[in-house]
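Subject: Handover of a structure and notes on its helices and loops

Dear colleague,

Please find the structure below for your records. My notes on it follow directly after.

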Amino acid sequence: MEMVPSIPHVSAVQPKIDGFFCPVCKKESRQFKPFPPKASRQRPNVQCPHCLSLERHRLLRPYFVHRTNLLSMPIKKMLHFAPEPSFAKIFSKSRFIDYTCADLVPKKYMPKETLCMDMTAIQFPDNYFDVIYCSHILEHIDDDIKAMSELLRVLKPTGWAVLQVPILRKVTYEDPSIKTDEGRLKAFGQRDHVRIYGLDYIERLRSAGFEVRIDYYGQEISPEQAEYTRIDKNEGIYFCTIP
Ligand SMILES: [Zn+2]
């Protein structure tokens, strides 16, 4: 018989065929919401109605707990870009995290202490943070290599970063001559995206100076648990350190 999967906050709860479970807020729902709310490429049943987590957040919460020291000793200085409220709440409340969050233009739903900061010009000294988490932001930034090198600069030599982007192609597609919202929507699928990343994303991170390991943590989760929590088993987690 197959072992009970080890995903935390899920393994103690038996999968039901008539509902879903969110490992971020630990609540059950009969159904998750579709996301994005209005788009041709909407994914059905993916957003937790309680904490608004998506597939990637439900994968990362147990990953952070089981594969990193984020939510355990020692105390770490953390930088969280474009803070998702469900994660911001967990990180800012943790006694193991000295928490800083930032966004180019802080939004109403973000914590009120969110700093206004450009990722290509981070207002912190070199070697300052132990942990950086940035999810689905680099595809919005014109000079993503500059942003990556800034992240590298402020990361301590012993630190680590999880830098996630949507990967939808084999080779990254970008075209700086496309400057209008409509043009970007047509070319990149969203008005505020400036490229579509491909599998060569890892090479960009490496070219900025990171050592990168792709963790396929989702593959340790059984198909039944993945469906119960609506996790994409095949999503890679880009775990970056300094060589
Ligand atoms: Zn939730």
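The cover over the buried residues of α2 includes α1, β5, β6 (97-103) and β8 (129-135). These buried residues of α2 are S86, F87, A88, I90 and F91. Buried means under 20% relative accessible area, exposed means over 50%, and partly exposed lies in between, with a 1.4 Å probe and protein chains only. Helices (H or I, at least four residues) and strands (E, at least two) are DSSP runs, numbered from the N terminus.

The model is predicted: local features need pLDDT of at least 70, side-chain atom pairs count only at pLDDT 80 or more, and totals for chains, interfaces and linings use all residues. Residues are numbered from 1 along each chain as its sequence is written, and side-chain values use heavy atoms, with hydrogens and water left out.

Helix α1 and its packing

Helix α1 covers residues 55-67, which is 13 residues. From its first C-alpha to its last it reaches 18 Å, close to the 18 Å expected at 1.5 Å a residue; the expected span is 1.5 Å times one less than the number of residues. The helix is mostly covered, with 10 of its 13 residues buried. Those buried in α1 are E55, R56, H57, R58, L59, L60, R61, P62, Y63 and F64.

How do α1 and α2 pack? Helix α2 spans residues 85-93, and the two pack at an angle of about 15°, with their axes 11 Å apart. Axes are lines fitted to C-alpha atoms, for helices over the stretch in contact, and angles run from 0 to 180 degrees between N-to-C directions. The angle therefore makes α1 roughly parallel to α2. Angles under 35 degrees count as roughly parallel, over 145 as roughly antiparallel, 65 to 115 as roughly perpendicular and the rest as oblique.

On the α1 side, the contact is made by H57, L60, R61 and F64, and on the α2 side by F87, I90 and F91. Contact means heavy atoms within 4.5 Å. By class, this contact has 5 nonpolar, 1 polar and 1 charged residues. Ala, Val, Leu, Ile, Met, Phe, Trp, Tyr, Cys and Pro count as nonpolar, Asp, Glu, Lys and Arg as charged, and the others, Gly among them, as polar.

H136

H136 is located in the loop between β8 and α3 (144-154). Because its relative accessibility is 16%, H136 counts as buried. Leaving aside neighbours within four places in sequence, H136 is in contact with R56, Q164, V165 and P166. H136 and L60 are 76 residues apart in sequence and 13 Å apart in space, C-alpha to C-alpha.

Backbone geometry in the loops

Most residues other than glycine have a negative phi, and most peptide bonds are trans. A cis peptide bond joins F35 and P36, with omega about -10°; P36 lies in the loop between β3 (33-35) and β4 (43-47). The bond from M73 to P74 is also cis, with omega near -5°, and P74 sits in the loop between α1 and β5 (76-81).

L52, in the loop between β4 and α1, has a positive phi near 70°. At 43% relative accessibility, L52 counts as partly exposed. R230 has a positive phi near 55° and is placed in the loop between α6 (223-229) and β14 (237-241). At 19% relative accessibility, R230 counts as buried.

Yours sincerely
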